[in-house]
Amino acid sequence: MSKNKHLPEDREALINGATYPESKKTQQAAEKATTYAASVTAPETVVVDKPPPKPNYPLYRVQPGERISLSDIDPNTSEHYRKKKEVMVELEKHRQRIRKLQERLYAENQRSLLIVLQAMDTGGKDGTIKHVFREVNPQGCQVWSFKIPSDEEASHDFLWRYHHRVPQRGMITIFNRAHYEDVLVVRVHDLVKEDVWQQRYHIINEFEQMLTLSNITVIKFFLHISKDEQKRRLESRLENPDKQWKFSKNDIKERRLWDEYQQAFEDAISNCSTAYAPWYVVPANKKWYRNLVVARTIADTLEAINPQYPNGEKGLKNIVIPD
Ligand code: AMP
Ligand code: MG
């Protein structure tokens, strides 16, 4: 490209695709925070004793740059566990760990956790939230479910509605569907042109890094079910009058696009699993195993964050509460 006399050198380098001309200090500060985040989002390196006991989390974490194929990941596996009964005690242990760590995160009031849940229809996002966060103080936890954008949401940039809902200090926030919808449903239904959704992977990675630099730990779960399992779950919704409210005729139309969605998920997960905001592909045909994997991953991530109760005010020792 020819030189543009109207632009300062730095600006021209930017337009030509060179890296940002940040100062060394700025780069070092960002690197430090990103490296810290990467250690927290690889919790087994901080939390788990050596050698790592079975199971270990890298099992389901997608490594940065790894290209995944969902058809190679068995949604039925459950390690050595065979029945729901076998995980109940362990699941409860992780729920209690989450409860205690969340209390410390809230008290510390410095950092926060953003959990992204994505799945095919009937994949179990609602059930995961219900079963994993049962013990958490509602005051320290928020859930946001993202549906078809409202007129107001649709008239902004695609990240606007999500950014607005990221956790404030001390909070755990769960996104039930998230900014990934804008490279999933939007892509599968051609709601925007390809050159628009293609850029979004990069924008999402930058967005998540920006959150990371703001002391928000980001972890993302794809609840992986098979097409057969979806059929069973849709049938059960149809048959059970108490579950019919969850069934939409639109689910049948979406099911026909199964392969397109799987492809879109593979691209989203492969392009956006970073050291600071990793994706986990969780085998989710067995609901009890899915809950166990999500709960222990969150508990370990919180433990790696290691939030601390703040010190009390000075001089509390001598205080006597008046009658
Ligand atoms: P549900 O979670 O079953 O209540 O359904 C919510 C619906 O909203 C799903 O069909 C999503 O695909 C759709 N949805 C969520 N986010 C978006 C988006 N950004 N653009 C279009 N549709 C969306
Ligand atoms: Mg639905």
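**Figure 1. T297 in helix 12.** T297 belongs to helix 12, which spans residues 287-305; helices (H or I, at least four residues) and strands (E, at least two) are DSSP runs, numbered from the N terminus. With a relative accessible area of 0%, T297 is buried, a term for residues under 20% relative accessible area, whereas exposed denotes over 50% and partly exposed the range in between (1.4 Å probe, protein chains only). A separation of 9.5 Å lies between the C-alpha atoms of T297 and A42, although 255 residues part them along the chain. The model is predicted: local features need pLDDT of at least 70, side-chain atom pairs count only at pLDDT 80 or more, and totals for chains, interfaces and linings use all residues. Residues are numbered from 1 along each chain as its sequence is written, chains are lettered from A and ligands numbered from 1 in the order in which they are written, and side-chain values use heavy atoms, with hydrogens and water left out.

Figure 2. The protein contains 12 helices and five strands. Its radius of gyration is 22 Å, close to the 20 Å given by the globule rule for 323 residues, so the protein is as compact as a globular protein of that length; the radius is taken over C-alpha atoms, and the rule is 2.2 Å times the number of residues to the power 0.38. Along the principal axes, the C-alpha atoms fill a box of roughly 70 × 70 × 45 Å. Of the 323 residues, 45% are buried. An unreviewed UniProt entry lists residues 83-307 as "domain: Polyphosphate kinase-2-related"; such annotations may be inferred rather than shown by experiment. This span is 53% helix and 14% strand, and its end C-alpha atoms lie 34 Å apart.

Figure 3. E108 is found in helix 3 (residues 84-108) and is buried, at 13% relative accessible area. Its side chain makes a polar contact of 2.7 Å with the side chain of R111; such a contact is a pair of N or O atoms within 3.5 Å, and within protein one must be able to donate a hydrogen and the other to accept it, while residues adjacent in sequence count only if both atoms are side-chain atoms. N109 occupies the loop between helix 3 and strand 1 and is partly exposed, with a relative accessible area of 40%. The phi of N109 is near 60°, a positive value in a residue other than glycine. Most residues other than glycine have a negative phi. In strand 1 (residues 112-119) lies L117, which is buried at 1% relative accessibility.

**Figure 4. The surroundings of ligand 1.** Residues around ligand 1 include F146, K147, Y162, R177, E181 and D182, a residue being near when one of its heavy atoms lies within 4 Å. By class, the shell holds seven nonpolar, no polar and five charged residues. R177 sits in the loop between strand 3 (172-176) and helix 7, is partly exposed at 23% relative accessible area, and has a positive phi near 70°. An N or O atom in the side chain of R177 is 2.8 Å from an oxygen atom of ligand 1. A polar side-chain atom of E181 lies 3.4 Å from an oxygen atom of the ligand, and an N or O atom in the side chain of D182 is 3.4 Å from a nitrogen atom of ligand 1.

How values were computed. Nonpolar A, V, L, I, M, F, W, Y, C, P; charged D, E, K, R; others polar.
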